[in-house]
Amino acid sequence: MEQETPRTTGAVLPATFGQVDLSALAAREGTPLYVYAAPALRERVRTLRNALAGLDAGIRYAVKANGNGAVLRLLAEEGAGADIVSGGELQRALRAGMAAADIVFSGVGKSDAEIALALEVGIGRFNIESRAELDAIQRIAAARGGQAVAAVRINPDVDAQTHAKISTGKAENKFGVSIAEARSWFDAKAQWPNVRLDGLHMHIGSQLLSLEPVREALARMAAFWKELEAAGHAIASIDVGGGLGVRYREGEQAPDAREYAAAIAQALAGFGGRILVEPGRWLVAEAGILLTRVLLEKRGEARDFLVLDAAMNDLLRPSLYDAWHDIVRIGDAGGDAVTYDVVGPVCETGDTFATGRTLPRCEAGELMAILGAGAYAASMGSTYNSRPLPAEVLVDGEHYAVVRRRQSLEELLAGEQPANDWRRP
Ligand code: LLP
């Protein structure tokens, strides 16, 4: 989380972005511009796949982290399926070529229409989060004359030791159900004949930098799976969720994929079914940057500000979670160091990317990169302050492709109309 005391970040651009001429790219495509590195995406998914190699395990990428179609297609080509939380994400995953059978549907509030769509396309599995949802899936599956495959999302009541807004595995959180409630569902399974309840699911939080909470939650899941099997309930799948953290700043220690896989293997030793993992951030965060230009340097009464052309509507994480993102100046590293508050042009004090950040002195027009912007960045963007959504490009070697063109003002305004057509509801 952000510190008030000035410090030098020592941040450097990941080597994978060094192969493209970012200045030329920004000049051509404009800023703010999201840039994703295809080799970095491939490397992450392969590393995870290798780490899980000894297990019967599948990757279900959490689409919410970065749902860009080209990113999804690349991950699909590497064998990933998807974890989705809406009809929109389901359509994205299918359009990117993911098989419906390789998609799991999570989320605490699924609409009837979304459940029906998921059944219609033959989704792999629902992760059910409440009794009301179980009843709804039963009703909709029965009406269609089919059977839904489902897991219960367990809330293991474990503190994931992460930011409160992205911690999901404590009893007071809205997610999942207690082991006691899940047990009662399995015992009364016959009440839901159109739901094949044969899986367990958990997701205790995001940006986990310690595996201890994961181990603790897995131990509870494992004990429950064993209890269920002893009671005659076959468990075909255990989905351990996502959450694996990444290193956003120097000194942060993120667990590596092998350690993570080993924790899963150890906790679930003897499990004969399929293991699913739902990473989002870990696969994509470090494969993305946000290129932005300095609009101006402003020497304030109390602090010096660096005003960028990117803002909180483009990258919300610092405003919402006080999240740290490294910021680097593209080009030569020279010049004296200045301590800046790095901000965007949006009319809120919260539109701040960094407070008291030491950077080389920057001038208007200079190109900057905000790092770690591949996850929960473009996907959380909005058009607040009537700022069109930025373009996104995928780079591979010396080449790049625009994978989302910059939104035009016409597109931003499309759908709005004057109040001429007055009707009765
Ligand atoms: N599975 C489920 C059910 C989830 O809710 C999530 C994320 C994931 C998997 C993937 O988690 P990951 O591996 O990415 O940590 N906007 C926040 C993060 C919100 C995460 C929501 N759920 C941020 O910018 O930090």
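This is a predicted model: local features need pLDDT of at least 70, side-chain atom pairs count only at pLDDT 80 or more; totals for chains, interfaces and linings use all residues.
A polar contact here is a pair of N or O atoms within 3.5 Å.

For E278, a polar side-chain atom sits 2.6 Å from a ligand nitrogen, and for Y321 the corresponding distance to a ligand nitrogen is 2.7 Å. On its own the ligand has 590 Å² of accessible area, and the protein covers 91% of that. Around the ligand there are 19 residues, and the closest of them are S206, E278, R317, Y321 and Y376.

Turning to another spot, N155 belongs to the loop that runs between β7 (148-153) and α7 (179-187). N155 counts as buried because its relative accessibility is 8%, and the cut-off for buried is under 20%. The side chain of N155 holds on to backbone atoms on two sides of the story: the backbone nitrogen of D157 is 3.0 Å away, while the backbone oxygen of F175 is 2.8 Å away. Leaving out residues up to four places away in sequence, N155 touches T168, G169, K170, A171, N173, F175, G176, V177 and S178.

As for confidence, the protein has a mean pLDDT of 95, with 98% of its residues at 70 or more. Residues 1-8 have pLDDT below 50, yet this stretch still has 26 contacts in the model beyond near neighbours in sequence.

Definitions and conventions
Residues are numbered from 1 along each chain as its sequence is written. Side-chain values use heavy atoms; hydrogens and water are left out. Helices (H or I, at least four residues) and strands (E, at least two) are DSSP runs, numbered from the N terminus. Buried means under 20% relative accessible area, exposed over 50%, partly exposed in between (1.4 Å probe, protein chains only). A polar contact is a pair of N or O atoms within 3.5 Å; within protein, one must be able to donate a hydrogen and the other to accept it, and residues adjacent in sequence count only if both atoms are side-chain atoms. Contact means heavy atoms within 4.5 Å. pLDDT is the predictor's confidence in each residue, from 0 to 100. A residue is near a molecule or strand if one of its heavy atoms lies within 4 Å of it. Accessible areas come from the Shrake-Rupley method with a 1.4 Å probe; for residues, only the protein chains shown count as cover.
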